[in-house]
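Keep the structure open beside you as you read.

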Amino acid sequence: MYGPYGHGGWVWMAFLPLLWIAVIGLVVWAVVRLTRRPAGRGDGTERGWPPGETPRETPEEILDRRFASGEIDADAYHEARKHLATYRPRPK
């Protein structure tokens, strides 16, 4: 008389597509999360950054990268290195 689901058959018909959308979304999220490779170990601790926060380049790394890419010449590189070494704060 009311079918295999009784009186609430329309509820299941509305709920099941939403359930499948949630399951597929969860699978896609898990695949993306597990296949993405962050730089380094991925926890941000290689330079003392707390987990979840992106490690930033140090001034020396920026200078090295700019020198390697040809943005600055050797004289400017060595002068900037000397300047950074002079004004680098000492650890306490």
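**Salt bridges and their surroundings**

Glu-57 has a relative accessibility of 41%, so this residue counts as partly exposed. Keep in mind as you look around that the model is predicted. Which residue does the side chain of Glu-57 meet in a salt bridge? The partner is Arg-65, with 3.0 Å from N to O. Arg-65 is partly exposed too, because its relative accessible area is 41%.

Now turn to Arg-81 and Asp-64, whose side chains form a salt bridge with an N to O distance of 3.0 Å. Where do these two residues sit? Arg-81 belongs to helix α3 (residues 74–87), while Asp-64 belongs to helix α2 (residues 59–69), so their contact ties together parts that lie 17 residues apart in sequence. As for accessibility, Arg-81 is partly exposed because its relative value is 28%. Asp-64, at 30%, is likewise classed as partly exposed.

Next, have a look at Glu-71 and Arg-66, another pair whose side chains meet in a salt bridge, again with 3.0 Å from N to O. How accessible is Glu-71? Its relative accessibility is 51%, and because the cut-off for exposed is over 50%, Glu-71 counts as exposed. Arg-66, by contrast, comes to 33% and is therefore partly exposed.

How many salt bridges does the model have by the distance rule used here? The count comes to 3.

Notes. Residues are numbered from 1 along each chain as its sequence is written. This is a predicted model: local features need pLDDT of at least 70, side-chain atom pairs count only at pLDDT 80 or more; totals for chains, interfaces and linings use all residues. Side-chain values use heavy atoms; hydrogens and water are left out. A salt bridge is a side-chain nitrogen of Lys or Arg within 4 Å of a carboxyl oxygen of Asp or Glu. Buried means under 20% relative accessible area, exposed over 50%, partly exposed in between (1.4 Å probe, protein chains only). Helices (H or I, at least four residues) and strands (E, at least two) are DSSP runs, numbered from the N terminus.
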